[in-house]
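Subject: A structure for you to look at

Hello,

Here is the structure I promised to pass on. Please open it alongside this note, and I will walk you through what turned up.

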Amino acid sequence: MRLGFATLGCPGAALDDVLALAQGNNFVGLELRAAPDEFTNTGLSATQRRELRTRIEDAGLEIFAVSSYVKLCAVEEQPLEEHLELAADLGARGVRVFPGDDPGEGTPDGPSAGEIRALDRVTTAPKDVPILLETHDSHSTARQVAAFCALLDTDVPGHNVKALWDTSHTWSHGETLAESFALVQPWLELVQFKQADSQQEYRPVAIDAGDFPIGELLTVLDGTDYPLSLEWELKWHPQLPSLAETLPAVHAWLSVGAGEVK
């Protein structure tokens, strides 16, 4: 199991601290939050990008994703191409994007105006780094992301969009993990997980305080080799325990889940 974590869980941390967290807790991958207040951002020079990539690779780690805030379907100014270039320079597996569609633009019989915009963006985007479309916001279910990816397959053959399955989002929207996996598997690149309390509107909580069905997830993924990444949302939920406390607890949680698989 290739375990990683998102730097969303240690906002503003220095690279040295992130590397120490990963190495000290047997995590092999990182999702690097791309923002002006983080050490990963599109403003890095070529020299800074080479140094960042070298430091991470020398630590024996892989970049699962550059986590952008691009909304693929939206009318907005987030630079998709610049994030793809950054990911290519860093050797990342892809760039995380959100759907960000406007629900009011939807139609029952075809793609929304936002999805048509996304088709256009994907058509012109560089193809050397995958666009990782997360099950999030307007497309929080695997059914919605799979339908859009199928549309891309038809209308933009050879596109570079893959699915980033945020398992907590699809679970919180009523899909079983088995259903979601079956839907997104043709395009799946990366799997995210976190803990949440379904009795409190799926609020993120400490690893030992929620009821996300981790055993079910491990059963669904049994026999696959998808990277599995902890999205610990400390940036948005400061009441959560730190990553330093959480990462060791994740191993214990996964061990219990693995026991349920057996």
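The chain has 9 helices and 10 strands; these are DSSP runs numbered from the N terminus, with helices being H or I of at least four residues and strands being E of at least two. Before you read on, please note that this is a predicted model, in which local features need pLDDT of at least 70, side-chain atom pairs count only at pLDDT 80 or more, and totals for chains, interfaces and linings use all residues. Residues are numbered from 1 along each chain as its sequence is written, and side-chain values use heavy atoms, with hydrogens and water left out.

First, the overall picture. With 262 residues, a compact globule would have a radius of gyration near 18 Å, and the chain agrees, with 18 Å. That radius is taken over C-alpha atoms, and the globule rule is 2.2 Å times the number of residues to the power 0.38. The C-alpha trace spans about 45 × 45 × 35 Å along its principal axes.

Of the 262 residues, 53% are buried, where buried means under 20% relative accessible area, exposed over 50%, and partly exposed in between (1.4 Å probe, protein chains only). Among contacts with a separation of 6 or more, 77% are between residues 24 or more positions apart; a contact means heavy atoms within 4.5 Å. The chain exposes about 11200 Å², and carbon and sulfur atoms supply 50% of that area (Shrake-Rupley method, 1.4 Å probe; for residues, only the protein chains shown count as cover).

Next, a closer look at helix 1, residues 15-24. Which of its residues are buried? They are Leu15, Val18, Leu19, Leu21 and Ala22. Seen down the axis of helix 1, these buried residues fall within an arc of 160°, so they line one face of the helix. The arc is that of the directions from the helix axis to the C-beta atoms.

Just after helix 1 comes Asn26, with a positive phi of about 60°, in a residue other than glycine. Asn26 sits in the loop between helix 1 and strand 2 (29-33), and its relative accessibility of 60% makes it count as exposed.

Glu201 is another non-glycine residue with a positive phi, near 55°. You will find Glu201 in the loop between strand 8 (196-197) and strand 9 (203-204). With 76% relative accessibility, Glu201 counts as exposed.

Enjoy exploring!

Best wishes
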